[in-house]
Amino acid sequence: MSEAIGTVAASTEQAGREAHRAHPGAAVYVIVAVFLAALTAMELTVFYVSALKAVLVPVLLILAAAKFAMVAMFYMHLRYDSWLLSGVLIFPLIIAALLLISLLLLFAYLAHHIG
Amino acid sequence: MTPLARRTIRRASGFLASRTMTAEPFARMNRLAAAAPLMAAALALAGCAASEPPMTTLAPKSDLAQWIYDLMVEVTAWDALIFLIVVVAFTLAVFFFSTRVGEAAPPSSVASDLALEAAWTIGPALVVLMISIPTVRTIFRSQPPVPPAGSLEVKVIAHQWWWEFHYAGSGIATANELHIPVGRPIRLALQSADVIHSFWVPQLGGKRDVVPGQINELTLAARVAGTYVGQCAEFCGLSHANMRLRVIVESPEQFALWAKLQQAAPTALSAANAAASDGARIFANSPCTTCHRIDGVSKGALAPDLTHFASRTTLAAGILPNTPESVARWIANPGAVKPGAQMPPLGLGANQVSDLAAYLESLK
Amino acid sequence: MAAQPKPLPTESASYLRGGGLLGWLETVDHKRIAVLYGASALVFMVIGGIEAMLIRVQLWSPGNGFLSAAVYNQIFTMHGTTMIFLVVMPLELGAFGNFLIPLHIGARDVAFPRINALSYWLFLTGAIFLHLGWLWGGLPNAGWFGYANLTERYFSPGLNLDYWVVGLLILGVSTVLGGLNFFVTIVMMRARGMTYMRMPMFAWAILVSSVLILIAFPPLTVGLIFLLMDRFFGTHFYVVAYGATPILWQHLFWLFGHPEVYVMALPAFGMISEIVPVFARKPLFGYPMMAYSLSLIAFLSYGVWGHHMFATGMGPVADSAFAITSMLIAIPTGIKIFSWIATVWGGSLRMTAAFYFALGMILEFTIGGLSGVMHASAPVDLQQTDSYFVVAHFHYVLFGGAMFAIIGAVYYWWPKITGRMLDERLGKLQFWLTVIGFNGTFFPMHFLGLWGMPRRIYTYGAGLGWTDLNRLETVAAFILGLAFLVMYVNLVRSAAAGAEAPADPWDGRTLEWSIASPPPSYNFARMSEVRGRDAFWVQKYGRAGSRGVAMFMAGQAPPAPESERAAPAQPVHMPAPSIFPLMIALGAGVMGAGLIIGWWRLIMIGAGAAILAAIGIGFEYPAWGEEPRDPESAAPGGVDVRKVGVWAFLGSECVFFASLISTYIVYKSRNAGGPGASILEIPLTSFSTFVLLMSSLLMVLALAATQRGDRVWERIWLVGVAVFGLVFLGGQAYEFTRFYREGLALQTDLFGQSFYTLVGFHGAHVAIGVLWLSVLAVAAFTGKLGKSRALSVELAGLYWHFVDVVWIVIFTLVYLMQQVTVA
């Protein structure tokens, strides 16, 4: 009985402590901003340089994912917050990605096989 | 033997005696619930044994329908087994292996049993496996990517609320009634002129939706000659219920004869048939020509081709028999027969209507 | 405007008393909101039931002229729409979910009481829109799932579907807000000791359903938005002549539609899991597997939607995939059926009306589930779908499953909700009439389907062998109607003069039975530590329940609940009532009316009223960031309830934007010879992207400034973010205007409308963000912001960063990948 109470209370307190342990300063934020700008510049490079056309899609996807992750982890504080919040974002995100991929596959079939 | 099982059997022998004496209202309910499917099954069998319903899925007449039927029987058998297990377990739990309030034995508090939980997880999983293999096999078998060799290809255009058929290669154009030879693969290319419909002739196979903007395919080979009734199976507006069709499966020789007649020019009018001649004149001078095509007379493409109208057994997409009275009734007021029909009443007098009917009935 | 602690009541006043009519209009008490939902649903149940009777009378004989085709099509559409959206969902979630969840987890109310009220008023608004057709214009008439392109104005010119689109959109918002509320409540507001694995199974069911709601409604919203734009703004999302495909609607709809039926089934499962253990006097068998199976069912349910589309020609690979996933769902469902039977096995049964219905549900749902397995096999489905076989299937799972469970729940919880007992004999009479009527109506439909009778037909031919069974079904349907009449008589008699109910009439196992019937508005006077699963049973009988067994053997009544008469020990902090939720719903209604009539000023007025009321709610929060916490609750430390709420909303938004983006990618190459995606300008958009990215930097700096109490920089950065947002919007406006001048209007081609819709909705999100920031900036400048209210800035920041992140995705997929096509 008491061990159940103890466990719940202890874990919530620990989560509370963790949440306030790390708090990035302005410097971190500016560095992230610089990274975001740099990644965007890389994206534009891949777009404009026709020699890179073959790798356009994978490179753009990776760079976009990286920007997404940096904003989520640092600006939206997920890196320093409870895992609960990351889960609340990541689960629907996976669903959204699966939805996108499934629909693209289904419509690709429709276009090529029936049209 | 687990404690649960031991306790269960001990109590069972004690309870069986009391149970058979007690008139439990719930026993009646359970017997009713279990009996209902059986009663209905008997009903169905009776229905089957008598004249079979014209649109039944239980009397397959093509290869496609047969594959589906065989699969359905297999799945139903597994379903029946599971249902039997559930009903027996339920009956035993409610009537035999539990007490009623006020009786001697205390309730157990068993709330888990690993073996049991594993069994009723793995068991259904195996059944799912058993069902999925023939399912996937049938899916691929019934959707060949290319038409089988020697296929007869027919273009089907679904409209609100009638069916248009064009035979590839031969130029035959007809409506609402499809003739196909027995034993030969048929490849239907389904298109829609307006909204989503669904082509369904149950005795010849499952349905395939007819979606505007794409061409869906249905491939089948009929095995038994006969006349089969079909109906649109996707809600398509006001007269969705009035969009039926007939498929006439006949021997290759009969089919060839039919095809030859369809390709020929319309039957010439005999001078003796005054009503028909009058009707022909009325037709040629009326708005009918805007929508309907009669080879050599009019070029309308919005409504059924009437060149060989009299060779069809029904009209208005299968909802009226093809008789002079029905034709007259239809022409006089299409909207009364088929709500929302796009064919307007022409405001003709009764004599003119019957002349028109006579003309149309002469088009064999 | 801030909430004051309520004075200690001298005796436990029922939540039903006090406040007058205004009290009900401005209530935020979850129990009152539950009663509002329940009463409304009971009214709609009568309407939906009459619609069913009309259908059955029309189908009495072939060629029957009782209802015309036009009227019949409206009646069958409304029957389905009403039963799903206005009866089952509001009863399961709005009524029972709302009433029970805080009680089950030991909380005083839900996480967001004002949004809870808003959900109800929006529900009522949406329901009214659906029924306006009775008065003028005709009811919706394209089936409850309204397939495009029949729903285009060209094929359905009347007001019928205008009401449908607007009504469903409003209902959708209501439900998503409800799902959000339940999710945050269950995750964040469980009492001390109430771990997930000790929650009542009904709470599990609602938790899982809430997650489903959050991820399943966005595709419906997107599909309805496209239809709305087609019908009102001349776009062609489903118009074939412009290269669109009506299949897009089907995918979007069923991505919602299939999880939706599980949103209806899972709470029903939860109800059965509550009722059976109580009347078998045994704990629920296999609790962990029951919880996991709920989660597995929900997860799988998101991957089966294509089984509604087997006939549409998705190809053998897709058909096979969907067939397999659909069959897999049977496994966790089977686990539940067997576990319930195992719960009954060896129990001590008390045959009450509630238990009858619960037991009936188990058998009836099994039948429905098994016919579902047949549907899962795609080739077999091709004979059964769109016929009366599927009508039988879904009535067995939705009526035999959900409705039986709901009726059982009514008999079980009515004493707690109203403080009165229902008549048990009438209940059992209702049960028998229901069993006969229900099975008599719907079992024969399996055969009608196998004999080829399609669904949604207002009449059928003679000589097809269908007449006799149709007649049998009509007679049985009247018996079923009689059963419901018996129920309403029972409810009315009980409400008027029923026997007073004790706190614990059934010797219950869960916490709602530990307080008075009906409960006081503050729920629990004192929240004891939760010491195990079936928390109240443990309170009464101790951990192993052995005391309970001994008392049962000795024929003793269960002990009175400990906190029944005690008043609260300290001041109770209850959320203050608010009229703003009602105002927002009225605003939404005015907007909908304006759209349908075509009067733009009305839309503006409605939107303005709704926005002002929303801001009003924001200011009602007692002390932002300082919300006093109930000392007896034990939410996970370090995480604020509102933060979880915002994240849950953002999760839902991911799926919303994914649906819009998918449509864009599918349609982008259908540009009717116009310039297509090559019209997109990278230099200007890169600049806008950079501005938006930098605005996120300013946003975190604003938050940091607020958190350290720096009032000067807090104001500067907040204004900065808003300004950058405006610059971004300016760039968008400039871009849109240029495209328009170059010939790309909203209605020009599918590329254009998909682009404008996707980027336009993102822009609308930015605009709302700018408005939000402006309100915060005003608060900052008037000294009302500051360190203690940093949470408000943080929440706005989360929203703003999310909008930025969505733009990162759009910039990549739309602009930089403009040459890439999929189809």
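The model is predicted, so local features need pLDDT of at least 70 and side-chain atom pairs count only at pLDDT 80 or more, while totals for chains, interfaces and linings use all residues. Residues are numbered from 1 along each chain as its sequence is written, and side-chain values use heavy atoms, with hydrogens and water left out.

With contact taken as heavy atoms within 4.5 Å, 100 residues of chain B touch 101 residues of chain C. The buried area, which is the accessible area (1.4 Å probe) that two parts lose on being put together, summed over both, is about 8200 Å² for these chains, 73% of it on carbon and sulfur atoms.

On the side of chain B that touches chain C, α3(B) gives the largest share, 16 residues. The residues of this side of chain B divide by class as follows.

| Class | Residues of chain B |
|---|---|
| nonpolar (Ala, Val, Leu, Ile, Met, Phe, Trp, Tyr, Cys, Pro) | 62 residues |
| polar (the others, Gly among them) | 26 residues |

Helices (H or I, at least four residues) and strands (E, at least two) are DSSP runs, numbered from the N terminus, and two strands pair if DSSP finds at least two bridges between them.

Within chain B, 6 bridges join β6 (residues 185-192) to β9(B) in antiparallel fashion, with B:I186 partnered by B:L220.

How values were computed. Chains are lettered from A and ligands numbered from 1 in the order in which they are written.
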